[in-house]
Amino acid sequence: MVHGSGRGPGRAFDTIKYKRARSTKVLVSSLWKYLKRYIWPIIYSTGFILLYSLTSLVTPFIAKLGIDKVTGTSETFSALIPLTILFLALTALGWVFHSISVRIMSKMNSKMLHEVRMDLYEKLSFSDMSYLKNEQSGNITARVTADTGELATGVQLSTSILSQVLLIIGSFILLVTTNWIIALISLAAIPVAFLIAGVLSYFGRRIILRVRRAFGFVSGKMAEGLSGIAVAKSFNREEELSTELRELNQKHYNYSKQFGMLMMFVMPSVSALSYLLFTMIVYVSGWINKTTNVLSLGDIYLSVNLSQQFLFPIIMLAMSFPQLESAFGAMDRIIDIFEAKRAVSDVHDAVNIQTTDDSVHFKNISFAYEEDNYVLKDIIFSVNPGELVAVVGHTGAGKTTLFSSLLTRFYDIEEGTISIGNQDIKSVTQSSLRQAIGLVTQEPFLFTGTVMENILYGAPNATKEDVKEICKKINADEFIDALPNGYDTLVVEGGKKLSSGQRQIITIARTMLADPRILVLDEATSRLDAYTESLVQAAQRELFKERTTFVIAHRLSTISDAEKIVVLDHGKLVEIGSHKELMDLDGIYADLYKTYYVHQGLAEIDVDVEDLEPEELEEPAKNVSPQMIGMIKGDHMSGKNESSLNKEETRKHLEKMSPEDKQKFMKRMKEQKKLK
Amino acid sequence: MAVITDKKTTSGYNVDIQYELLKKYKSANGWFWSAFKRYPLMYLFGIIVFGASTYLATKTTALIGEALDYLLVEGFSTNFNKTIGLMIIYVIISWACLSSGAYVWSIASFRVQRDMRQEFYEVIQDHSMAFFDVNDSGVILSMGMNEINQIRMAIHPSIRMLMTSIFSIVITTVFLWQYDFIIGVTVAVSFVVYLIIAWIYASKVGPIRRKLAKDLADLSATSQEMFRGIDVVRSFDNHNKEINKFGYISNEYALDMKKEGYLSAFYWPALITIVFTAASFGYGIWLVIEGSFSIGIFISVLALLMALSRQNFMIPMRLIMLQAGLQNSKRLWDSMAFKDPLTQPEKPVESEWNKKISFNNISFAYPSTDKKVLDNLSFQIQAGARVALIGGPGSGKSTILKLLLRLYDPTEGDILINGVSMSSMHTSHVRSNVTMVEQDIFLFSDTLKANISFAKRDATDEEISKAAERAQISQFIESLPNQYDTVIGERGVTLSGGQRQRVAIARALLSNPKLLLLDDSTSAVDIKTELRLRKAMDELMKDRTSIVVTQRLTTLVAADMIILMKKGRIVDIGSHTELLERCQDYQFMCQHLPITNGSVASNDVGGRN
């Protein structure tokens, strides 16, 4: 797994200990690629941070001087005015230095974040289809938003870490020069501070993970309740849903309590530690003075002050480490993506696709998503320009793979070639290839935006009039007009307010407007109601008369229009020809036709449901090998259903019918016989 | 805990949660601050111990000077040791107070968070569909989860820490006052000024922070959409368009981030503390030379001021959090106080649903839109009738079903059930008599059992399997390893469209409605599904009034009454035969239904003209 998929769901990363694949050195050096563009801002910012740390060290020293001077009481006040001014100037200067440094840093950081994000997004959007398909869209998004954000936090953190380290070292040196015993006492606070931070990160990690999980459950429940609100309402189930939420909510509260316990320990302990430390310093200073009398009050004040300045950065530092570590983890995952090779790329001398010949040739194609799990095997056939080809076969036969994934070059074929005209699709640019091919996918996908914008998606230069014209042709305008704001109705949440049929008809309009030369319709009308579908198909016949069209069919009407029917079975091309030829052949197609297609819309069917073979779960064909599908489905189209059409049944059937239905049925049967 | 829903009114219906809430808290602020009224003792305890702990901590700091004065005058004396001992005791007590207070405070706040979240969900859930039509469910979810969290964070830790800061300011001021009047007054005044300026500052940073959060959400949404629709993006070769879209938002984010960085870089309220600390330093020195301050006191003053300026860095953060919490509670409150066009009648009446249903001059436009999707409909449905609704997309068929569930009230006109207007009925009365099987079936990601018994939680296993059997889905369910305990949806197995539809039919069967609404527009793909579905539907329609949106010829033929609709109006009403005789639209439609489709018998209907 090149991209590091399978590392678990997105945001749990920062709490689960993440094992990174690269050393810190490697990570920093690849981050350097970005950082070096900002070398001057970094130098300036670091410089100002240094100055700030320096003023922070000097200010307490001035206070000490002041105290020492007045201890003698011989001084006049005017002699001390410069000291006061110096004190003010230094603290104010420290503030200015710090501010400037933060300002430079935040400018640089925001710019760098934008750059990393854009590079990453671009890389991802062109990356391997199988990666994008296997990974949840939320996980990929987490790379782009959360990981980059964490990285930026890490960079920002490193400046503050720098100033903290400087403060710690500087304070310690000053402490040592003031009095080494006091310095040693301050040193003793370090392990305690690290202990507190350690407790926080050790227990915190676990507790936060639990709280988050419980939070996730509450959120999931609420999300479901909200998206299923109409169902809940129609069954009067609001109360139950509230109760279910309440239980999860209570669980979340119980875990949050643990978190409260942790906080109770950590923050008060930190402040208690600081108070104890300075009390100890005052005590020890007194004790030192008793014996040697070398410490002035100014020195004691300085020690107390420095010890505080020493303790807080240490605690901050201890707490920064997990954050820094998670920034490195994020960097690691980001580099994973940068280093992944693009699976499908244009050859260096790729040309634009020719525009004269729309014939399509499949030569010896074999394909597997995963090693040796062949979804397609040895497919050979050609399609003449302008031909309408219907593709039939069971779920998992490889229909979608062949046309939606390979012809569009979402994946590269290992064996065999697909050519359009006389050009291998590998020799042309992907961009020109995809402009030539229009694909209507099974799952109607709409973008956030108006209906109009969605239809214009594939043809940005088309006018609104063009859109309306297309919609009129496919009879979409009537329903679009019925929407609250017509063409300007906003599609939100993937079109939750539209039925899947309405969504599908918009996707069809979108592809038609893009006006591709070659068209792939992957069960493109399966979600429409029968009436609309028939209108759309009539329009399609008109619109796509001249185009090479592949229709992955699910209904009789499409098939009967086709000039060529391709039958796929378990990844193999088993039959090809016109409807009549294939019916004469009396093979798989004839079988399919009889059992699947011919019955659609038949007024009544007298098969007993018990006679049907049991259904199975729909398996996503991609992850299942053809062999397995064979195993699961058994001998799918056994002769069982044919019994439905035997004479005895037909007779019984006719007796129950109304006269006009009977008439219709008889006519139909005749037609069918003719076809046979 | 919020258990409003458990209450019942005298008429036996649930109380109007929204009404109760609005009455109880009155405003967004009332709702926010009600946190302290919900667990008053816990918060009171918190306030007292925080006061104590802050006092002791400040006292400890102040004692430094005293100790040093002893040291200066008496050397390493008993008094010095006593003072040190006192300081240690104070620190320990202060620690104990702070810990227990923080714990109690956080628990109370987590309770508030839990209760508010529950309250929010219950009120929102009770809104009619008018609310859900105009509000993005993702946004509502984020309100219920993240924004409630932020409200809690405003209380804990934000208010807690602000309170501690104010305690230290007040107590420090009192201490300084005792040393010297002028220093005390100066500190008091400048901290008030400081707080005001800090509040203004926070009001500037707050919106940028929120803008950043919004930018990030937009960024996620854009990216998520692109990766979900990657096939579409790729097949239209629109990568650059998507990258630009993302780039625009990413740039927006970067700009806002820079803006925020600039603002927080120059935290100018800090200058106030810097100036007066320096001034106090000079003034203190002068007092010492004057002789009115001992050096110890001078050091105490300095130490106290240093401790105060450490608050510097935390106060703005907390103010921002508090403002965010207040703003969020305003947003949540506005959502909760949504003025619902559909209200429950004050004195709900009931009706008999197995009687006549009549539509009297019904017109309807979806809330907050003008477009009439139903235009002056009148018709009557006899008890026990099978009604079929047919019409093109957007003709208003599904809307009729929604009105009958009282998901909306008609804009004009009245729907009478046995002579009783639907708008005078409580929605739960309506919905316990009416069941809808919608077109795009929604199932919960739960077990099959839970999904089937959704309408009747106390259903026995036997009832459930009986319903499944009648819905033609039992065979399938029993073939699964976990049978009825199989979890479906995101975390479980995926069902095909036909299977989902039959699970929904089983669900509807268990609810055993008087009036059945069925949206059956999508046609089945293969014979098996088709057969099972038909049988299931027959079972479902048995012995009750049913209204079916359909294009299935069998259903049309069997219907007692077909209502043909076009653009929100009724074209014709009658039986299949009648309409076939006289209605051109119907004839046209029938021609385009699968039975007469394509090469097979396409002249049938037309032939009889």
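Two strands are taken to pair if DSSP finds at least two bridges between them, strands (E, at least two residues) and helices (H or I, at least four) being DSSP runs numbered from the N terminus. The structure is a predicted model, in which local features need pLDDT of at least 70, side-chain atom pairs count only at pLDDT 80 or more, and totals for chains, interfaces and linings use all residues. Residues are numbered from 1 along each chain as its sequence is written, chains are lettered from A and ligands numbered from 1 in the order in which they are written, and side-chain values use heavy atoms, with hydrogens and water left out.

In chain B, strand S1 (residues 357-365) runs antiparallel to S2(B) and is joined to it by six bridges. One residue of S1(B), B:Ile357, has B:Ile381 of S2(B) as its bridge partner. These strands belong to an open, antiparallel sheet of four strands in the order S2-S1-S4-S5 (chain B). Its edges are formed by strand S2 (372-381) and strand S5 (420-421) of chain B, each of which pairs on one side only.

Aromatic pairs were assigned to rings of Phe, Tyr and Trp (its six-membered ring) with centres within 6.5 Å; planes under 30 degrees apart count as stacked, over 60 as edge-to-face and the rest as tilted. By this rule, 39 aromatic pairs are found over all chains. In one of them, the ring centres of A:Phe362 and A:Phe550 are 6.1 Å apart and the planes stand at 85 degrees, so the pair is edge-to-face. Because A:Phe362 lies in strand S1 (residues 360-368) and A:Phe550 in strand S10 (residues 548-552) of chain A, the pair ties together parts that are 188 residues apart in sequence. With buried defined as under 20% relative accessible area, exposed as over 50% and partly exposed as in between (1.4 Å probe, protein chains only), A:Phe362 is buried at 1% and A:Phe550 is buried at 0%.

The pair B:Tyr283 and B:Trp286 is tilted, because its centres are 6.2 Å apart and its planes at 35 degrees. Both residues lie in helix H10 (residues 269-290) of chain B, three residues and thus about one helical turn apart; B:Trp286 is partly exposed, at 33%. Ring pairs also link B:Phe32, B:Trp33, B:Phe36, B:Tyr43, B:Phe50 and B:Trp105 into a cluster.

A charge is placed over a ring if NZ of Lys or CZ of Arg is within 6 Å of the ring centre and within 35 degrees of the ring normal. The charged end of A:Arg103 sits over the ring of B:Tyr262, 3.7 Å from its centre, and B:Arg114 lies over the face of A:Tyr253, at 4.6 Å.
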